[in-house]
Amino acid sequence: MDIYCRVTETGLVPLDDMDWELKKHLKVGTDVRVRISQPRNIKFHHKFFALLQLTLDNLPERLQAERNIYSIEALLASLKIDLGYFTTYKIGDGREVVKLRSISFAKMSQQDFERFYDLSITCILNLYLRGTNRKDLEQEVEAFINIR
């Protein structure tokens, strides 16, 4: 059973009624195994996809055609390859298969996702939107989020 808690001065406190109900099933004095993980920030996740949308919207046509990037999914795949965020496997007949790594909430911590985001911005500035200022791009992303 997983419950979500907030850290307080006196310990961990369940976040909502459902979590309190789950906690009630634990008997006082019993030992339990606890796995601590900090859930990813959904707002930061939205920020990343706003970055991808702005990049796609401003991608030079030549680069779009060269890399065949016409969707958010294609841009994300291209970024993962540029950042080395993939694994290659050899299959039976000797061919290599590329498997992109996941950035899902279950596969990546908030800290790792923030690093991936930062590396993505650097990659976008160096390969996709050359000549764009980092600060300007970050301000555009924030403005894009606030519009929605």
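These entries record what I looked up in the structure above.

**Entry 1. The model**

I note that this is a predicted model, in which local features need pLDDT of at least 70 and side-chain atom pairs count only at pLDDT 80 or more, while totals for chains, interfaces and linings use all residues. Residues are numbered from 1 along each chain as its sequence is written, and side-chain values use heavy atoms, with hydrogens and water left out.

**Entry 2. The hairpins**

I took helices (H or I, at least four residues) and strands (E, at least two) as DSSP runs, numbered from the N terminus. Two strands pair if DSSP finds at least two bridges between them. Strand 1 (residues 5–8) pairs with strand 2 (residues 11–14) in the antiparallel sense, over four bridges. I found Thr8 opposite Gly11 of strand 2, and the two strands are joined in a hairpin through two residues.

I then turned to strand 3 (residues 86–90) and strand 4 (residues 96–100), which are paired in the antiparallel sense over five bridges. Here Phe86 stands opposite Leu100 in strand 4. The hairpin of strands 3 and 4 has five residues between them, and Gly94 in its turn shows a positive phi of about 95 degrees.

**Entry 3. Helix 4 against helix 5**

Two packed helices are described by the angle between their axes and the distance between the axes. I looked up helix 4 (residues 72–82) and helix 5 (residues 110–128): they pack at an angle of about 95 degrees, with axes 10 Å apart. Helix 4 is therefore roughly perpendicular to helix 5. Axes are lines fitted to C-alpha atoms, for helices over the stretch in contact, and angles run from 0 to 180 degrees between N-to-C directions. Angles under 35 degrees count as roughly parallel, over 145 as roughly antiparallel, 65 to 115 as roughly perpendicular and the rest as oblique.

Which residues of helix 4 and helix 5 make the contact? With contact meaning heavy atoms within 4.5 Å, helix 4 contributes Leu75, Leu76, Ser78, Leu79, Lys80 and Asp82, and helix 5 contributes Phe116, Ser120, Cys123, Ile124, Leu127 and Tyr128. I sorted the residues of this contact into eight nonpolar, two polar and two charged. Ala, Val, Leu, Ile, Met, Phe, Trp, Tyr, Cys and Pro count as nonpolar, Asp, Glu, Lys and Arg as charged, and the others, Gly among them, as polar.

**Entry 4. Salt bridges**

Side chains of opposite charge can pair when their charged atoms come close. My search of the whole structure gave seven salt bridges (a side-chain nitrogen of Lys or Arg within 4 Å of a carboxyl oxygen of Asp or Glu). For accessibility, buried means under 20% relative accessible area, exposed over 50% and partly exposed in between (1.4 Å probe, protein chains only).

In helix 1 (residues 17–24), Glu21 and Lys24 lie three residues apart, about one turn of the helix. Their closest N and O atoms are 3.0 Å apart in a salt bridge. Glu21 has 42% relative accessibility, so I count Glu21 as partly exposed; Lys24 has 57%, so Lys24 counts as exposed.

In helix 3 (residues 61–67), Glu66 and Arg62 are four residues apart, about one turn, and form a salt bridge of 2.8 Å, N to O. Glu66 is exposed because its relative accessibility is 55%, and Arg62 is exposed because its value is 54%.

Glu138 forms a salt bridge with Arg134 (3.3 Å, N to O). Because they are four residues apart in helix 6 (residues 134–147), about one helical turn separates them. Glu138, at 32% relative accessibility, counts as partly exposed, and Arg134, at 28%, also counts as partly exposed. Salt bridges with shared partners link Asp118, Arg134 and Glu138 into one network.
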